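Please open the model in a viewer and keep the selection panel at hand.

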Amino acid sequence: MTDTTVLAPARGVLDQDWRKIVNYGLLLALAEVFIALANMPVGLDDFILIEPILSLGYVSLLWLPLLLGYSIGTEKVLEGVTSHAKGAREVVAGACVGLIGGGGVSGLVLLLDNFDLRDPLVNWSPQLLALLAFDNGVGYGVGVWLAIGGGLGLLGGSMHLIAPLARRVVSTMVLAVVGVAVLETILSDIAEDLFLEWLADWIYFIRGGVSLHGAATVAVVAGAYAVWGSKAVKGAKASYQALEGVERKQANKVSIAVVVAATILLPLVLGKITNELLANVGLFLLLALGLNIVIGLAGILDLGYVAFFAVGGYTTAILTSPNRGDSWPTWIPQVWWVVALMLVIVLAGLTGLFIGAPVIRMRGDYLAIVTLGFGEIIRLLFLSDWLGGFTGGAQGVTNVPGVQVFGLANVRGTDPRAVFYLVAFFCAIAIYVSWRLEKSRIGRAWMAVREDESVAEAMGINTVNVKLLAFVVGAVLASFSGAIFAAKVGSVFPTSFIILVSIVILIVVIVGGMGNIAGVVAGSVVLIGVLGGPKQPGLLQEFSEFKLLIYGALLVWMMLKRPEGLIPNVRRTRELHQDEFLQDAWLKGQIDEGDETGDGGEVAPA
Amino acid sequence: MTTAMKAKAAPRTGVDWFLLLIKSVMFFFIATGVLLFIFQQIDPGNPIASRLNDDATGLTADQFEGLVIAGLSQGAMYGLIALGYSMVYGVLGFINFAHGEVFMVGAMTGMITSNKLHEAGAWESNFVPSLLFIVLLSIVVSTLTAVVMERVAYRPLRGSPRLIPLITSIGVSFFIQNVSVVLLGPGAKSYPALPDWLSKKRDIWFISIEGTRLLVVLVAAVSMVGLWYLVERTKTGKAMRAVAEDKEIASLMGINVNRIIVTTFAVGGAMAGVAGILWGIMFRSVIHTTGFLPGIKAFSAAVVGGIGNLNGAMAGGLSLGSAEAIAPLVILEPWGVSGVSQLRDAVAFSVLILVLLVKPTGLFGERLSSEDRG
């Protein structure tokens, strides 16, 4: 659409929106100083991206000027509003923004040199000063940061000048190099098992990081992909979307088979640490899939979701461990994990009903806080002396045995691969259940309730029962995760079930895409796998200091810019962007055709 | 799944009966607990009282007085925070989940400045001016936090579906907590010691109360009067009430709605800043999660008092504070529950749930606007 729009000639270099530039610049300066004082540059300095020139610590300061330098020049293309061609003006604007931002860092260097604020600000250290001054004296540091800021801003701004294809090539190259460097552990692991060690040796430097020639190789491959590969992928996608009826079903089957095969084969080539990561991803995915039904489909914001995870974990632990609390009567046997699971399902369902029934008629925001209260109450009860005889109090329940699978395997924490397969099995069940439910009458009822409860009720939906059912299904899925968690870790403590878990799952669901299974899977893999869970380390262990900060920022940013998530649910996107959608349709004169026609699957961008 | 649906085909009534059951059980539990407590007070050895809890000895008058005073002073603090929730809810109709974090920021500001003053020696030599200074600074920083929060996170979302700003505010809360972790470090930090004349116990009239608790109650009362004056007697307050009633019509009347909303956030933030300092001098310790539980409890207080109702918020805070101080000993202990003090927070949440079940509009009714937000 925008390609065909005729652009007005570029504006003059001095015809700038100076106020916007200053705002962006100050924002950049503030963000850079914050990043520096949050210890990212020093904390991540040992994470070498490209040996010997670039560490993740410096990248944490470098990416923002580039991005803001570019985005100062972008303007929302609105129909009916004159759009100008990009030119030197955008480059200058980017450079100015970068310069102000670089000035922020320079100012910080001067402050670091002259004042000691270590008392409240724990990261106010000589190391930070040395790092920011490149071990070269304060004056040098000040000058270099001004130059770096201005230079990167200029570079970002000049991205407007090159053709879209070239821009895509450049960004793909940069992202690929950073990605390959960041995923080093996992990629070299895979390479080793596929007898591609020579490739890993070529790309990676011995002591970590991508070597220069490796980076060049990756960049060339990525660039080639951006030019030719992405077109092929797009073509394949288009031809898939063009398929209809039986053929499409077959294509679906093939792709599902590929995914299943990959899930089964991938852990075999991965090492223990990576499998451990995958197992954690699976546990959180299971939770996220459950929460997705509650919040994504039925639209109930449940902040006490961790309660069901706790019920699953504790029930399993108490039923299978020889080390449970003393107050239990002795005739309760120690049972096989699978038998315990049956009881877990029943108990989780009942807990879901018990928590759900009182809150289900409350308005959405009260419901959120009350469920949060329930989640805390359950944790406090497990922790208390009162029930300590049953739950072990702060000591928790220990010695939880692994899952015996017909004498074939004993699934427990020491064997993350087996745990992953077990989790994957339950995830598959959860995905199948969510998928079938979403397409069923109940799923449609949930979505109707999510959109508008009064209308749903008027349509004859028993909203209370439907919402309760969502609560119960979500509870059962969470309790599966809890049951596996107990067997995996071998013990359960109240501290494993804090509110933080609920919030992290919520973030996973929202960032991935509420109401979309693929989105939830992507969200779990990206967030839990790369950054890590509330207590579980992720692929980037260096980030564990910052991951919660990043989660919080990500949640706010997503809500502001892309509330539908990374991989959105088409129907939800339409609700969230209804205004723009209607306006676009109106401007295009399509409103009369009803809003089901339009672009079909493609939804107006945010 | 369909069988499950059919099994519960008798609509509504099932849930209703269940709720009735919960309510009656809770009522029975509370009433019996109180009765048992009374028996216990009369004679700890009597068979009715000792049936469930052998060790219970009841409370002495002094202990009871101590509980009530602790509860009320804690409650006054909840009330101050609750005002922020209540005002924002009244005007914008959404729960600013991150308001507890504003309170935490206030407490942290006080911690930093009071320690700096302590290092310089001013905290000891000139205590009252120092205290006023940290209160002022804390008000400024908290207000700024609240205003920036509104500008960055909430204003762009005005008019979006109900849950979106709520989820955003959860993110903001999470973010601010972790900003505090990465900038100031994860450990608990302490306030410098208070001068003796403030922290010692005093006998006033017939009660004996710690000076700090007295200060908390006094400051809360003064703030409350100030807020009442602002909302009920000034032009800004009138505008606030108008915006709470109907934003569009208010803007037609020439009221700058955005400015009023910012003012609301600012006033709530200032109250939270004051509460933060009070927390600091009462408990002398802050950590990045300081804002979370008091925040949730203050929200509960706002709901208990009727959200949007400013007097209700303070009254709700006082009742919630006393309930969580007294109820564990008066209701749970006679039932033979051990380690009752661990269940304080659980009691506070139960109060919230009970109030929402029995009277969702709160004890004093929702006000600020009469608009139906059902």
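Begin by selecting domain 1 and domain 2 of chain B, whose centres, taken over C-alpha atoms, lie 20 Å apart. Domain 1 covers 79-290 and domain 2 covers 291-365; such bounds come from an automatic or database domain assignment. The model is predicted: local features need pLDDT of at least 70, side-chain atom pairs count only at pLDDT 80 or more, and totals for chains, interfaces and linings use all residues. Residues are numbered from 1 along each chain as its sequence is written, chains are lettered from A and ligands numbered from 1 in the order in which they are written, and side-chain values use heavy atoms, with hydrogens and water left out.

**Between the two domains of chain B**

Across this boundary, 25 residues of domain 1 are in contact with 19 residues of domain 2, where contact means heavy atoms within 4.5 Å. The two domains of chain B bury about 1600 Å² between them, and carbon and sulfur atoms give 78% of this. Buried area is the accessible area (1.4 Å probe) that two parts lose on being put together, summed over both. Now select B:Tyr85, B:Ser86 and B:Met224: in domain 1 of chain B they lose the most area to domain 2, together 30% of what that side buries. The number of salt bridges between these domains is 0; a salt bridge is a side-chain nitrogen of Lys or Arg within 4 Å of a carboxyl oxygen of Asp or Glu.

**The largest cavity**

Next, display the cavities. A cavity is a set of points, on a 1 Å grid over the protein atoms alone, where a 1.4 Å probe fits but cannot get out; lining residues have an atom within 4 Å of a point. Grid points are joined across faces, edges and corners, and a volume is the space filled by probe spheres set on the points. The structure holds 2 cavities of 30 Å³ or more, and the largest has a volume of about 60 Å³.

Which residues line the largest cavity? Among them are A:Ile369, B:Tyr85, B:Glu101 and B:Phe299. Domain 1 and domain 2 of chain B each give at least three residues to this lining. Highlight α14 of chain B, which supplies the largest share, 4 residues. Helices (H or I, at least four residues) are DSSP runs, numbered from the N terminus.

**The second largest cavity**

Move to the second largest cavity, with a volume of about 40 Å³. Its lining includes A:Asp365, B:Arg162 and B:Leu166.

**Between chain A and chain B**

Now show both chains. Here 64 residues of chain A are in contact with 61 residues of chain B. The two chains bury about 5500 Å² between them, 77% of it on carbon and sulfur atoms. Select A:Arg363, A:Tyr366 and A:Ile369, which supply 12% of the area that chain A buries against chain B, more than any other three residues.

How many salt bridges are there between chain A and chain B? The count is 2. In one, B:Asp16 pairs with A:Arg361, and the closest N and O atoms are 3.0 Å apart. For B:Lys116 and A:Asp119, the closest N and O atoms are 3.5 Å apart. This pair runs from helix α5 of chain B to the loop between α4 (88-114) and α5 (126-132) of chain A.

**Last stop: chain A**

Finally, colour chain A by its domain assignment: domain 1 (1-161), domain 2 (166-242), domain 3 (260-568) and domain 4 (575-606). The centres of domain 3 and domain 4 of chain A, taken over C-alpha atoms, are 36 Å apart.

Notes. On a 1 Å grid over the protein atoms alone, a cavity is a set of points where a 1.4 Å probe fits but cannot get out, and a pocket is an open set with protein on both sides within 12 Å along at least five of seven lines; lining residues have an atom within 4 Å of a point. Helices (H or I, at least four residues) and strands (E, at least two) are DSSP runs, numbered from the N terminus.
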